[in-house]
Amino acid sequence: MEFKELIEARRSVRKYVAAELTKAEVEAIVTEALEAPSWKNREPTRYHVILDAALKECLRTQAMPEGNAAKCVNAAALVAVTFKKGLSGFTLQSDGTNTPDNELGDMWGAYDAGLASAYFMLAARNRGWDSLAIGIRDAAKAVEVLGLPADETLTAIIVLGKGDQSMPKPPRKPAADVATVR
Ligand SMILES: Cc1cc2nc3c(=O)[nH]c(=O)nc-3n(C[C@H](O)[C@H](O)[C@H](O)COP(=O)(O)O)c2cc1C
C-alpha cells in the first residue's frame, strides 16, 4: 500500500467480526514495528499479545470499563503495550546508579512506546488488520490478569481484528493550526 493510502486507511475501529490472527502474522507486525526509532535505540517497548480466547475475555471484561469492553468483542488479539522502566532516557552510571538524562525521565519510555504503537498499528493495517488503541483501561487489573513484569509500565491496550471501516474518520485540524513554521 502507498504510504498516503496507508495512513488514511488506518482508523480507530470499534466493532469487529470474528477472525483469527496467527503467531506468525503477529511476529511479522512486531518485526515491522521494530523499525520505529527509540531513545539511543534502546527499544524499550514490549508487546504482550493475547490470542488465547479465555485470557482475552478476562482482560476485556476485568480490565476495561463497559464502553471499551464492548468495542473489543470479537477482537483477534488484545495487545498490552508496555515499556521497560528506566531504559529510554536513562544512563547507567559507573557506580551502578541509573539516572535520568533529563527532566522527562521515563516519559521517554512512554514516548518510544507511542511511536512504536503507531508503527505497529500501521503495519497491522498494511496487512489487513484493524486496530484501536485503548488508553481508558484499569492498568492494575491488566497487570494482575496478564501477570505483567514489575519492571514494565503499561501504556495502551491495542485491539487487533477485522473490523467495520464504514464509520467516517474524525476530521483533522489544518496543519497551520498545529504547526508554526519560521
Ligand atoms: C493513546 C490513545 C488512547 C486512546 N484511548 C481510547 C479509548 O480508551 N477508547 C476509544 O474508543 N478510543 C481510544 N483512542 C482512539 C482515539 O479516540 C482516536 O485515535 C481518535 O479519535 C482519532 O480517530 P482515528 O484513530 O480513527 O483517526 C485512543 C487513542 C490513543 C492514541
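Analyst: Happy to. Axes are lines fitted to C-alpha atoms, over the stretch in contact for helices, and angles run from 0 to 180 degrees between N-to-C directions. Helices (H or I, at least four residues) and strands (E, at least two) are DSSP runs, numbered from the N terminus. This is a predicted model: local features need pLDDT of at least 70, side-chain atom pairs count only at pLDDT 80 or more, and totals for chains, interfaces and linings use all residues. Residues are numbered from 1 along each chain as its sequence is written, and side-chain values use heavy atoms, with hydrogens and water left out.

User: Great. At what angle do H3 and H6 pack?

Analyst: Helix H3 (residues 53–62) and helix H6 (residues 139–146) pack at about 160 degrees, and their axes are 9 Å apart. That makes H3 roughly antiparallel to H6; angles under 35 degrees count as roughly parallel, over 145 as roughly antiparallel, 65 to 115 as roughly perpendicular and the rest as oblique.

User: And which residues of H3 and H6 meet?

Analyst: From H3, Leu55, Cys58, Leu59 and Gln62 meet Lys141, Ala142, Val145 and Leu146 in H6, where contact means heavy atoms within 4.5 Å. By class, this contact of H3 with H6 has 6 nonpolar, 1 polar and 1 charged residues. Here Ala, Val, Leu, Ile, Met, Phe, Trp, Tyr, Cys and Pro count as nonpolar, Asp, Glu, Lys and Arg as charged, and the others, Gly among them, as polar.

User: How far apart are the axes of H2 and H5?

Analyst: Helix H2 (residues 23–33) and H5 have axes 8 Å apart and an angle of about 135 degrees. H2 and H5 are therefore oblique to each other. Ile29, Val30, Glu32 and Ala33 of H2 make the contact with Ala116, Tyr119, Phe120, Ala123 and Ala124 of H5. Those residues divide into 8 nonpolar, no polar and 1 charged.

User: What lines the largest cavity?

Analyst: The lining includes Ala33, Tyr47, Asp112 and Ala116. Strand S2 (45–50) and helix H5 (107–126) each supply at least two of its residues.

User: And the largest pocket?

Analyst: The largest pocket holds about 250 Å³ of space. Its lining has 4 nonpolar, 1 polar and 7 charged residues, among them Arg10, Lys15 and Asp164.

Technical notes:
1 Å grid on protein atoms, 1.4 Å probe; cavity = no way out; pocket = protein on both sides within 12 Å on 5 of 7 lines; lining within 4 Å. Points joined across faces, edges and corners; volume = space filled by probe spheres on them.
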